[in-house]
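This report describes selected contacts in a predicted model. It covers salt bridges, a sheet, a helix pair and aromatic pairs.

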Amino acid sequence: MKKMIFDSMVKNAVKWVLPFCLFAFLPLTVSAQDVATDGNTLKYGYLSYDAVLHSMNEYATVETSMMQLNEKYAAEQKRAEDEFNRKYEEFLDTQRDMPLTILQKRQSELQDLLNRNITFKKESQALLEQAKAKAEAPLRKRIAEAMGRVGIARGLAFIINTDQQAVAWTHPMMGEDVTEAVKTALR
């Protein structure tokens, strides 16, 4: 009895699911030539976002200010490392003559100093990343607006960023490199 119910379920599944799948995926088998011949070609653009960003005059200003901020954090990290090294050398020179409790106190102080330096280094890296994102935000907004203008003017459905091999291949008949057009729109 169970086998008959199972067989019936399988037959119904094949009867209804298989035709549905065939019709559902049939549009995916249409070739680019078929689409091109009916006049409804989906056009898209592609660009190197980094090339556009780096070509902007304001990007040099952002990079300069980020380099200056990075140098300030690096100088503070160097000062903290020098302080730690000085105290550690002093500790090594005097540890033989210290009572155990003072030795343990100094070791604890050195460990605290080391932990604070590590924490500062992590926090400064996060702050640098936030500062860069904040400084680049207006530039990225301008790029997005320029891409929108270029996309609409050229009748594109979307624009793809090809940096870091995000797009391995584009069809030359359906896609258009709009990197230079976006750079021009930003001027």
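## Salt bridges within and between helices

Glu136 and Lys132 both belong to helix α5 and sit four residues apart, so about one helical turn separates them. The two form a salt bridge in which the closest N and O atoms are 3.8 Å apart. Glu136 counts as buried because its relative accessibility is 5%, below the 20% limit for that class. Lys132, at 32% relative accessibility, is partly exposed.

Lys132 also meets the side chain of Glu63 in a salt bridge, with an N to O distance of 3.8 Å. Glu63 belongs to helix α4 (residues 57-94) and Lys132 to helix α5 (residues 100-153), so this pair ties together parts that are 69 residues apart in sequence. Glu63 is partly exposed, with a relative accessibility of 31%.

The side chains of Glu176 and Arg154 are joined by a salt bridge with an N to O distance of 2.2 Å. Glu176 is in strand β3 (residues 175-177), while Arg154 is in the loop between α5 and β2 (159-161); the pair links distant parts of the chain, 22 residues apart. Both side chains belong to partly exposed residues: Glu176 has a relative accessibility of 26%, and Arg154 has a relative accessible area of 36%.

Through shared partners, salt bridges join Glu63, Lys132, Glu136 and Arg140 into one network. A search of the whole structure gives 11 salt bridges.

## The sheet

Three strands make up an open sheet, in the order β2-β1-β3, with parallel pairing. Strands β2 and β3 are at the edges, each pairing on one side only. From one strand to the next, the twist averages 30°.

Strand β1 (residues 44-47) pairs with β2 in the parallel sense over three bridges. Within this part of the sheet, Leu47 stands opposite Asn161 in β2.

## Packing of α4 and α5

How do the axes of α4 and α5 cross? They come within 10 Å of each other and cross at roughly 175°. The two helices α4 and α5 are therefore roughly antiparallel, since that term applies to angles over 145 degrees.

The contact of α4 with α5 involves 19 nonpolar, six polar and 12 charged residues.

## Aromatic pairs

The whole structure contains three aromatic pairs. One of them is the stacked pair of Tyr44 and Phe158, with 5.7 Å centre to centre and 5° between the planes. Tyr44 lies in strand β1 and Phe158 in the loop between α5 and β2, and the pair links distant parts of the chain, 114 residues apart. Tyr44 is buried at 10% relative accessibility, whereas Phe158 is partly exposed at 37%.

Tyr73 and Phe120 form a tilted pair, 6.0 Å centre to centre with 40° between the planes. Tyr73 is in helix α4 and Phe120 in helix α5, so this pair ties together parts that are 47 residues apart in sequence. Phe120 counts as partly exposed, at 26% relative accessibility.

Methods: Residues numbered from 1 in each chain as written. Predicted model: local features only at pLDDT ≥ 70, side-chain atom pairs only at ≥ 80, totals over all residues. Heavy atoms only, no water. Salt bridge = Lys/Arg side-chain N within 4 Å of Asp/Glu carboxyl O. Buried < 20%, exposed > 50% of the residue type's maximum accessible area, 1.4 Å probe, protein only. Pairing = 2+ DSSP bridges. Axes fitted to C-alpha atoms, helices over the stretch in contact; angles between N-to-C directions. Parallel < 35°, antiparallel > 145°, perpendicular 65-115°, else oblique. Nonpolar A, V, L, I, M, F, W, Y, C, P; charged D, E, K, R; others polar. Phe/Tyr/Trp six-rings, centres within 6.5 Å; stacked < 30°, edge-to-face > 60°.
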